[in-house]
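Trainee: I'm new to this one and would like to learn how to read its features. Could you show me the sequence and structure, then take me through them?

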Amino acid sequence: MLQRGTIRTRAVCVTLALVGATLATATVPAVAAPAAAPRATACPTGWGSLPEADSTDSTATPVRNVRTGRHACYDRMVVDVPGAPAADLGYSVRYVDRLLQDGSGRHIPVAGGAVLEVRVAAPAYDPETGEPTYPARAGSLLPGVNLTGYRTFRDARYAGSFEGETQIGLGVRSRLPFRVLRLDGHLVIDVAHNWTGSR
């Protein structure tokens, strides 16, 4: 038979053990809940595939270069017209069945599932001397442009420069949405990787 002193001692020990366990639990730092996975950045939407144009008269400032770049949501082509204010850069960008050279009507083959015709209201030559300012040949690949690894761009051909306008054929994977941006000294053409706005 247990004596009262022993029962009290055990009761005190059990109570102290419970209090100790509670304190130990309270002093353990809370583990942070796992962070939610970051949401994928949505690509710009609202672009279309209909022609875009601005009929601003031709600028006397000539085209000096054409370059391209890859982005997460689109492929980009930039036509450099140094010194031309954005407001003075006329352009026409549209899908065509075949790229036909201005003046001659010659067909210039462009690889890809669809062809964007890019016209910039700026010559690729010095208006006073007639000397070329952009070293490209009609029907040839754009100098210095390598489209290896691009998701949307497939080909880029120089069509020529005629009566103050420079014409380029941009071959793309398929008829995808695009946008045109005018900046000081640059005309920018972005072609999306898809229609859904996803990466």
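Trainee: Which cysteines form a disulfide here?

Mentor: The general idea is that a disulfide is a covalent bond between the sulfur atoms of two cysteines. The cut-off used is a pair of cysteine sulfur atoms within 2.5 Å. Here cysteine 43 and cysteine 73 form one, with their sulfur atoms 2.1 Å apart. A search of the whole structure finds one disulfide. Before going on, know that this is a predicted model, where local features need pLDDT of at least 70, side-chain atom pairs count only at pLDDT 80 or more, and totals for chains, interfaces and linings use all residues. Residues are numbered from 1 along each chain as its sequence is written, and side-chain values use heavy atoms, with hydrogens and water left out.

Trainee: Why is the disulfide left-handed?

Mentor: Look at the torsion about the S-S bond of cysteine 43 and cysteine 73: about -80 degrees, so the disulfide is left-handed.

Trainee: Where do cysteine 43 and cysteine 73 lie?

Mentor: Helices (H or I, at least four residues) and strands (E, at least two) are DSSP runs, numbered from the N terminus. Cysteine 43 is in the loop between helix H1 (4-27) and E1, while cysteine 73 is in the loop between strand E2 (65-70) and strand E3 (74-80), so the pair ties together parts that are 30 residues apart in sequence.

Trainee: Is cysteine 43 buried or exposed?

Mentor: Buried means under 20% relative accessible area, exposed over 50%, and partly exposed in between (1.4 Å probe, protein chains only). Cysteine 43 has a relative accessible area of 8%, so it is buried. Cysteine 73, at 12%, counts as buried too.

Trainee: Now the rings. How many aromatic pairs does the structure hold?

Mentor: A pair of aromatic rings is described by the distance of the centres and the angle of the planes. Rings of Phe, Tyr and Trp (its six-membered ring) pair if their centres lie within 6.5 Å; planes under 30 degrees apart count as stacked, over 60 as edge-to-face and the rest as tilted. The structure holds four such pairs. One of them joins tyrosine 95 and phenylalanine 178, edge-to-face at 5.8 Å centre to centre, with 70 degrees between the planes. Tyrosine 95 is in strand E4 and phenylalanine 178 in strand E10 (residues 178-183), 83 residues apart, so to read this pair is to link distant parts of the chain. Both tyrosine 95 and phenylalanine 178 are buried.

Trainee: And how many salt bridges are there?

Mentor: Nine. The rule is a side-chain nitrogen of Lys or Arg within 4 Å of a carboxyl oxygen of Asp or Glu. Take aspartate 80 and arginine 67, whose closest N and O atoms are 2.7 Å apart. Aspartate 80 counts as buried at 8% relative accessibility, and arginine 67 as partly exposed at 37%.

Trainee: Which residues are linked in a network of salt bridges?

Mentor: Arg94, Asp102, Glu117, Arg119 and Glu165. Glutamate 117 is buried, with a relative accessible area of 3%, whereas glutamate 165 is partly exposed at 29%.
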